Number of protein chains: 2
Amino acid sequence: MKNTFLLIIAVLISSMVSAQFAGMMRGQKPEPLPEGFKPASTNTFLARYPAVNAETRQAMFKVVAPTAQDVKLDLAGKKYDMTKDTSGVWTCTSDPQVVGFHYYAIIIDGVAVMDRNTEAFFGSNWESSGIEIPEGPEGDYYRFNNDIPHGQIRSIYYWSEINGIERHINVYIPAEYEQEPDKKYPVLYLVHGWGEDENGWSNQGHMANIMDGLIAAGKAVPMIVVMPSGDIKTNSDVREASGDVTEIYAKNLVPYIDKTFRTYTDREHRAMAGLSRGGFQTTRTVFGNMDMFAWMGTFSGFFVRGNDVVNAFDGVFKDAGAFNKKMNLFFISTGTEERNPKEHVETLKAHGITNIVFHESQGTAHEWLTWRRALNEFAPLIFK
Amino acid sequence: MKNTFLLIIAVLISSMVSAQFAGMMRGQKPEPLPEGFKPASTNTFLARYPAVNAETRQAMFKVVAPTAQDVKLDLAGKKYDMTKDTSGVWTCTSDPQVVGFHYYAIIIDGVAVMDRNTEAFFGSNWESSGIEIPEGPEGDYYRFNNDIPHGQIRSIYYWSEINGIERHINVYIPAEYEQEPDKKYPVLYLVHGWGEDENGWSNQGHMANIMDGLIAAGKAVPMIVVMPSGDIKTNSDVREASGDVTEIYAKNLVPYIDKTFRTYTDREHRAMAGLSRGGFQTTRTVFGNMDMFAWMGTFSGFFVRGNDVVNAFDGVFKDAGAFNKKMNLFFISTGTEERNPKEHVETLKAHGITNIVFHESQGTAHEWLTWRRALNEFAPLIFK
């Protein structure tokens, strides 16, 4: 009897779901949005809100919270009071935003929580909501393009002796890799920033679309891109980190990659880059292992302790000629609306460092559009 | 001046982060947990709570919400009142849980939100928190094992003509795949249930660990496992679904996989299985394309409309001899604590369907431990 009842429930649910799809397939219109607004590409399946307006670059948010006393939106450093309708639905519309990816939170009675209608992104060392603000033609380089071949992002765990646990990495493999079984590839190690994780470059950064586009256009050479975690993750049984992440990169990760994929293993075919703290990790890893890397990039991440850049980093720049001979490219980038290392770059150039490329992302701050642009500028310059 | 100030801030942050790691590296103890409790494996980086007790199978939760009036935990169908200390931190300890994966929510002043200290999982068609309850030796088959070779999960977008957009899939590739460049592989299509997505089997299901173990032990043949979305996702510009997901599987996905990977393309080397609604989709896809699949499984998903199972599914079972000749295996599984299709199985056997394998997961309901066990039982039986 109980089984029959549950069976009926199951069939009903199944029918309802089918009906929903059937309705959609018949072209029934979903909940209408205000003119000019569309669901954000970062929304989960079927969610209509948040909605974004590509022209005004505003976003509209909706939260169902009939019993809450106070609901706010926290987006790009500004808190917005949301207003409640009679059915307990809170809404608000943001100011115009910089295009690209932004973290946000909903504040319910003082507690910053996530919007369950958008995908979750790891940021500031906890799970966060994020929204993609669309834009016109510029964004083409980081959007999916069906007219070109696509690489694959592989989710892999490798064992770190130093860390004493398995560590998760994402590895971008260029589209041609499996069609060229005798070919070897150069490798770019690409690190996220503070508070994010090894999924940042693929999820928030759209790096696969960027690399697919550059390679298909012949602007970048086909390469493998390895995205590790920049944090010393630990076994949940102990949660005590051990080791130094730059050591883990150089001694555990690089050998694993060279063993697992068809790579060139000389320094001329190995590059490293990172954003923000990942840029700092790049300087530490590369300057500590100059025999391993010949190309490097720091995206909003050229952090110099003190102001004496020529003598910083244990004096790696002191002998400019030696540095120039070793390092084929030192790419340094920044957004114009954030801390700008331009003076350091000029000092280094005046000192005789010749292989610096300096890139400024116009009108952007310490945010993902800055870093998508940086990767798009950096990747064409390496392994050539 | 502004730049110098920001630089100092950046260096300070960088130093603080370094100090944190340095402290951990010197073996400084993190926040102590009550005896027997450890951080859940589903926690984000560095989060101490939720904490789980492997012996009592209880979980402890902690939420910082000083200005909230009422905070509850919602776990496995039960709501727990959380209690607040003087610093505004709310805690509670759950009843003993079934081991494996469970969704949960924190209810803040009536609004069900996520716990930002645990990884996010897509369930019930929105983002959710989840917790893994550890267990003793049984769980070995779904945990990472460093002593065996590991496959890779590849994140790929393929174009669906029927759906009119790119569709995301995860594809498990066995460890030996790249060491055997001339070998072809059979393919299992493995579908999630209602409200989850194409990441469910790898994130909630730990399928890579299960397959790695079965293949390394010689219990299952090396195979490719394709995990598609069981929902008709749509372009965010339109959000109007088109097409039938079983058609998308048969006409767009299977040809894409056979074009992209080294697969055997005959029906003897193609299987499909799914959990819950994914089991229903499996019956629809396989029974509608008997020339394409020779092996199938429904995990908690053998949904029969009406009670006349012999005549259900457009009469596919009517001619038992014909069905037996076509289908090498019809695997049906269930948890003992959920709707049980045992009677239907017995009716079909009595009717002359000989190739059914029926599996019951003892003591589990409509939940992930049931499905991890089902995959572990099913995969060894196919392609042999």
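Trainee: Which side chain does Arg270(B) meet in a salt bridge, and at what N to O distance?
Mentor: Keep in mind that this is a predicted model. Arg270(B) sits in strand S16 (residues 270–275) of chain B, and its partner is in helix H4 (residues 245–260) of chain B, 12 residues apart. The side chain it meets is Asp258(B), with N to O at 2.9 Å.

Trainee: Over in chain A, what is the relative accessible area of Arg270(A)?
Mentor: Arg270(A) has a salt bridge to Asp258(A), at 3.0 Å from N to O. Arg270(A) lies in strand S16 (residues 270–275) and Asp258(A) in helix H4 (residues 245–260) of chain A, so the pair ties together parts that are 12 residues apart in sequence. As for accessibility, Arg270(A) counts as buried, at 5%.

Trainee: And what about the Asp74(A) and Lys79(A) salt bridge: how accessible is Lys79(A)?
Mentor: Those two side chains meet at 4.0 Å, N to O. Asp74(A) is partly exposed, with a relative accessible area of 23%. Exposed means over 50%, so Lys79(A) makes it into that class at 53%.

Trainee: How many salt bridges does the structure hold over all chains?
Mentor: We've talked through a few of them, including Arg270(B) with Asp258(B). Over all chains, the count is 30.

Trainee: On to the sheets: which strands of chain A stand at the edges of the open sheet?
Mentor: Five strands line up in the order S1-S2-S3-S7-S6 in chain A, with antiparallel pairing. An edge strand has a single partner strand, so one side of it is left without a neighbour in the sheet. That picks out S1 (37–39) and S6 (83–84) of chain A.

Trainee: In chain B, which residue of S2(B) is opposite Phe37(B)?
Mentor: The open sheet of chain B has five strands, in the order S1-S2-S3-S7-S6. S1(B) pairs with S2 (residues 51–53) in the antiparallel sense over three bridges. The residue opposite Phe37(B) is Asn53(B).

Trainee: Last one: which residues touch the most other members of the largest nonpolar core?
Mentor: That core has 116 residues. Phe299(B), for one, touches residues including Trp201(B), Phe331(B), Trp371(B) and Phe378(B). The ones touching the most other members are Phe299(A), Met207(B) and Phe299(B).

Terms used:
Residues are numbered from 1 along each chain as its sequence is written. Chains are lettered from A and ligands numbered from 1 in the order in which they are written. This is a predicted model: local features need pLDDT of at least 70, side-chain atom pairs count only at pLDDT 80 or more; totals for chains, interfaces and linings use all residues. Side-chain values use heavy atoms; hydrogens and water are left out. A nonpolar core is a set of buried Ala, Val, Leu, Ile, Met, Phe, Trp, Tyr and Cys residues joined through side-chain atoms within 4.5 Å. Buried means under 20% relative accessible area, exposed over 50%, partly exposed in between (1.4 Å probe, protein chains only). Contact means heavy atoms within 4.5 Å. Two strands pair if DSSP finds at least two bridges between them. Helices (H or I, at least four residues) and strands (E, at least two) are DSSP runs, numbered from the N terminus. Lists of a residue's contacts leave out its neighbours within four places in sequence.
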